[in-house]
Amino acid sequence: MAGLELLSDQGYRLDGRKATELRKVQARMGVFAQADGSAYLEQGNTKALAVVYGPHEMRGSRSRTLHDRAFINCQYSMATFSTAERKRRPHGDRKSAEMSLHLKQTFEAAVMTQLYPRSQIDIYVKILQSDGGNYSTCVNAATLAVIDAGIPMRDYVCACTVGFVDETPLADLCYAEESGGMSSLALALLPRGGQIALLQMDARLHQDHLETLIEAAMTACKGVSKVLDEVVRQHLQEVSVLTGE
Amino acid sequence: MKHDSSNQHLTQLPTSTHTPENQQNLQPDQDPPQPGQKQHKVEETAAGGKVLPGDLTHYVMPDATVVVDFLEILEFRQLQGIVFTQTACEALQSKGRRYYNRLRNLVKDPRHDCVLFANEFQEYSYCPREKGESQDKWMTRCVYSAAVWYYNHLAGMMSMVMITEDQEAVAQYSSLNSGVFVISIQDYLQNFWPELQAAHELYSSISQVLQEKEGEDSQKEFSEHLPVEVLEAGIKSGRYIQGTLNVSKHRAQNEAFITTEGLSSRNTDLSSDVLVFGGKHRNRAVHGDVVVVELLPKSEWRGRTTSLTEGQGDEKTEDDDSSAMPTGRVVGILQRNWRDYVVTFPTRDGTQNQSRNSQRILAIPWDRRIPKIRISTQQAEALQDHRVVVRMDSWDSTSLYPNGHSVRVLGRAGELETEVQTILMENCIHVPPFSDAQLREMPLNSPEKPWKVDPVQVRRRRDLRGTHLVFSIDPRGCEDVDDTLSVRRLADGTLLELGVHIADVTHFVQEGSLTDLEARTRATTYYLADRRYDMLPAVLSSDLCSLLGGVDRYAMSVMWELDAHTLAVNKVWFGRTLIRSSYQLHYELAQALLNGEPADVPELEQVGSEEKDAKLAELTQALEMLTHIARHLRAQRDRGGALELEGVEVRAQLDEDRNITALVPRQPLEVHETVAECMIYANHWVARKIQETFPSQALLRRHPPPRQELFRQLVETAKAQGFTVDTRTNKALADSLDRAVDLQDPLVNRLLRMMATQAMSQAMYFSTGAQPQDQYYHYGLALDRYTHFTSPIRRYADIIVHRLLTAAIAMDTGAEPKAPGSNKEVEETAHHINSKNRAAQRAQNLSMALFQCLYFKEKDPQTDPRCVANAVIYAIRDNGVLVFIPEYGVKGPVYLRNKEGQVVSVGPDGGCDWQSGSVRRHLDRISTESVGGSATFRLFEHVTVRISVQSSSCHADSLNLELIRNRPHGGPEAQRGPSQGRGQLVQEVVQEAVRLVQEAQQREARPRLSKEEKEFSQTRTPNLYSLLEEVRELALRDLDLDLDLDLDRSHPVCATTA
């Protein structure tokens, strides 16, 4: 049965975007005073809150200490009110555990961990409202939080999901599109060097199309990085005015 | 929900390169519309290049309810400048996928002047739904605000007309803005399109239906359909079976079958189709719908009826010996496949009108498989006995019959033109005359401005004009020459070069042009008994694309370099060429040259005798070489198991005035086979080429091996006659058919071949990406890959193949790999062409049958000797036999038991009459027992039948056959001795045909028919045509299934006369 028409003949998507268009990204850094770094990011209707502690000395099991670099601890959770049906368990289920792992891998590739041997960096991300692209929103929010904490990174890490329908890649999927049954791919990119921090896909896709899809994802990530860069600069300006520099 | 998200996701363009189209949509004031062309920029981007014409007085924007209820009116091509709104689109989508797709196609089709405006994605035309506002009101407001925006966007240069059925909206909005008019659809039609009568009629018929709908009530006649989710779950779990409903032609009231073919059926244990018995179990499904059935318990299973019944309404419920098959009932319908139906309004008499409302008529569809349709109309009186096109609207569970509305009146039943239009309509063939816009695309070729070869093209193409002797061999008088041949010895003599040059249609028909679209829609040239509907405009099909003699033409060529001795292929060259055909030969002439008989070649009449001899020798040598190669190719294919199913064919030869000058049996000419073989070879090599270059998107033609169980009748029939037929492989079948010759009766072999043909599956087009490679095989021709390349003038498939080949050649020279279409598109096109080809075939057969009936209608069956004919029994049924009448090429049933239960009894002189008695059926014979004694009829026995026409006011007339003697009909047929061979049969056939010609000419002389000819401006000799078709039928050649055998030449008659 044919489901929703994800891409109309006129080239519009369900929410009126064109295929390569991103949702509106809005972000603020330094939303909490107590944490070392924090950020709030909205990508369309998906809203995420990221908090960073550290680098500090190892807590919990000391056996995880790494002697040449910092240990990155990530925790992903979704607010119970973030989805259309109330979530019973905000974190700790399989999906969240997997997401935490992905975040950890992404930031291990981006943060210059070798500067802080035998220490730990904690990244906590919470989805306040979920409307597709949870992973990418988390990565983008966490990037801002890490920058806010003043932890050196190789580059921004920007993430974006892309779907593939009617031979056309669609950038930055919303929930309706994600659940529409097309194959999608999540990609986290260090945009300046073009290095891929994480690439994840768990659907079927013909090999021939993979390249165009990655290409589209990278373009989208670069778009996100521009927005993030602007947010950081804006934030710095505000902070420097406040501190009177 | 959708709407607020669209509002919140305001556009954030990630990079600066993304600026163009969308921003224009969002910020119209930044880019003020320019006068002139630029003002249509929105449409241009929105609909992919479609632009509304600027020279209209207004653009019209229909309201959501108008689109939902009256889309059919908006489908008229005459209505121009329609702007559909997204709001209306979504309203339509909620009505059903089918309707939505229709709108989509409408917007896509460049022949319709309409565009889609995504008003809800436009910041300034979007209006959020207010609290407490009803959906309808909101949609109307949306459309109005879109209309206002559009008006302002066009800077007031074009008035906008919004049409709505909501009178309040008319009152509320009409005076708000000066350039935006709000009127009702009726006013709109009356004010702007007063002359478009068809639209007015359609409007009244639809609104009548809408009014009727409101007053529905009464008890349930059918059980409700289950919801889709339940059906899908049921199909998945195997509880229900999904399939296409096929109503039995002869017992339309009761029997229908579900064919699961082509659909993934989980029940692999269900090998056969599912029977749906009776109207209750069919539960409002109509022939062709995709339905879901539930199997009944085994105790309620029934068998299919195999006895012959007469027409419809025959409620015979006898159980016969055929085994019970799975029986089920319809629980839901997944997809309605309703099309336009032709119905006949019954003659009115007082008793027939049972319905309470006198305006409701039960109209009887022409197709017996379709239930009666209830039509609400006020024109019932005027439409009596007229054939009308109707559409079904709905079928509620409270109603015994579906509701519909009339669309178009075709004419009075029984009139020739009406009947022909009915045939076209019933097969979904739409052949409007080519529009002016389409003809404008055509190159000019008039005496004042003759068409010339473009020097640019000369440089690009290989010029064969000086180097190659190119000639064509076609039926005499042929106008559309698709193909020419050339053959020559290369310099050292050890190599031969064979060339097939095909008209380069794709040079003139650009992909995506209006002509291309029209050709694609038609997919093939339609040949009816009395007329022809061309796929391409005449300037192409019979002039610029036709490879006529003595003029320069563009061609697409395949040239092989063959070893002169072994004939092995050394090299193949494909490419575009420029040719000038030296000789436009016809078959008989070519054969005469081959045989060394004296012949006049028209091209050499002016030439001196010495030069003439030299040229003749050159031509004859080329023909001989060609024949030599073709024999070799044929032998090669025969070893692979190619089937020969064709029989004798007779062809009429026409002079300039299109009178028949002679009838020539076609079969003995080897040159036919020679030409056909070269074409098959070219098709095969092109198929190889495009398949290798585009492994997943080439258009090929495959002929799947037949299902063995379908051969059962053939094998059993042959056994009854003492032959064994081996059907395991195509080679075994071909060999055993060759052996199955009865010297006493050559008809036996022809009938066996006919049955074999019937058992075959249809050859069809497909995209190579959609089938595994082992399925590419062409069973009939015994080739691993095959396609159609050689007749681009009359088949659209060939045009696609030409484009594929062009792309393949371009890739060889280093161009970017660029396929003309994706696998999905090619497969869709292939499906379309296949279905159109089947429709064309059906239409051709139906029009043939129509003319047969017209022929016999004018004769009195009791007195006219021509209504009595010799017939051969070729199948046995429970209460009768099926016979074939070679004289007229008619197949039909003969009843041995009539409706009163009487059976045929044979008198001592062989004459037959009806007496009470019983019928017994055996494997190879059927016998009747009656007071007058017993009579037995065996397979392949010759009998005499009387042909009469069974008239029917609502359906097509049919021929009725009645047994009058159990011996062959008198005349030469009866006394034919065993020594007589096939050739003599041919002569008899010819004599027979000549007799028919005279009859036809006599008939033509009658004033009534010729008046019709004038009135409907048909071709000058319609009945001659039917006669030629009859003659062709004698050859048993078309047999419903084209097998590609020599298909390139399968329309010689049509080509010569039309």
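Guide: Two residues are in contact when heavy atoms of theirs lie within 4.5 Å. With that in hand, we can start with chain B of this predicted model: among its contacts between residues at least 6 apart in sequence, 69% join residues at least 24 apart. Chain B has 1058 residues, 55% of which count as buried, and its secondary structure comes to 31 helices and 37 strands. Its accessible surface is about 45800 Å², with 48% belonging to carbon and sulfur atoms.

One strand of chain B deserves a glance on the way. Strand β14(B), residues 386–394, is largely enclosed by the rest of the structure, because 8 of its 9 residues are buried. Strand β11(B), residues 341–344, runs antiparallel to β14(B) and is joined to it by 4 bridges; there, Thr344(B) has Arg387(B) as its bridge partner. β14(B) is also joined to β15(B), residues 403–412, by 8 bridges, again antiparallel, and Val389(B) stands opposite Arg408(B).

Now to the close look itself, in chain A. Helix α1(A) spans residues 94–110; its 17 residues reach 25 Å from first C-alpha to last, close to the 24 Å expected at 1.5 Å a residue. The buried residues of α1(A) are Ser96(A), Met99(A), Ser100(A), His102(A), Leu103(A), Thr106(A), Phe107(A) and Ala110(A). Seen down the helix axis, these buried residues fall within an arc of 165°, so they line one face of α1(A). Their cover includes strands β4(A), β5(A), β8(A) and β9(A), along with helix α2(A).

Two of those covering strands, β8(A) and β9(A), lead us to a sheet. It is an open sheet of 4 strands in chain A, in the order β7-β6-β8-β9, with antiparallel pairing. The edges are taken by β7(A) and β9(A), each with a single partner strand, so one side of each is left without a neighbour in the sheet. On average, neighbouring strands of this sheet are turned by 30° against each other, direction ignored. Further in, β6(A), residues 158–165, pairs with β8(A) over 7 antiparallel bridges, and Phe164(A) stands opposite Ser183(A) of β8(A). Helix α1(A) packs on this sheet by touching β8(A) and β9(A), and its direction makes about 170° with that of β9(A).

Technical notes:
Residues are numbered from 1 along each chain as its sequence is written. Chains are lettered from A and ligands numbered from 1 in the order in which they are written. This is a predicted model: local features need pLDDT of at least 70, side-chain atom pairs count only at pLDDT 80 or more; totals for chains, interfaces and linings use all residues. Side-chain values use heavy atoms; hydrogens and water are left out. Helices (H or I, at least four residues) and strands (E, at least two) are DSSP runs, numbered from the N terminus. Buried means under 20% relative accessible area, exposed over 50%, partly exposed in between (1.4 Å probe, protein chains only). Accessible areas come from the Shrake-Rupley method with a 1.4 Å probe; for residues, only the protein chains shown count as cover. The expected span of a helix is 1.5 Å times one less than its number of residues. The arc is that of the directions from the helix axis to the C-beta atoms. Two strands pair if DSSP finds at least two bridges between them. Axes are lines fitted to C-alpha atoms, for helices over the stretch in contact, and angles run from 0 to 180 degrees between N-to-C directions.
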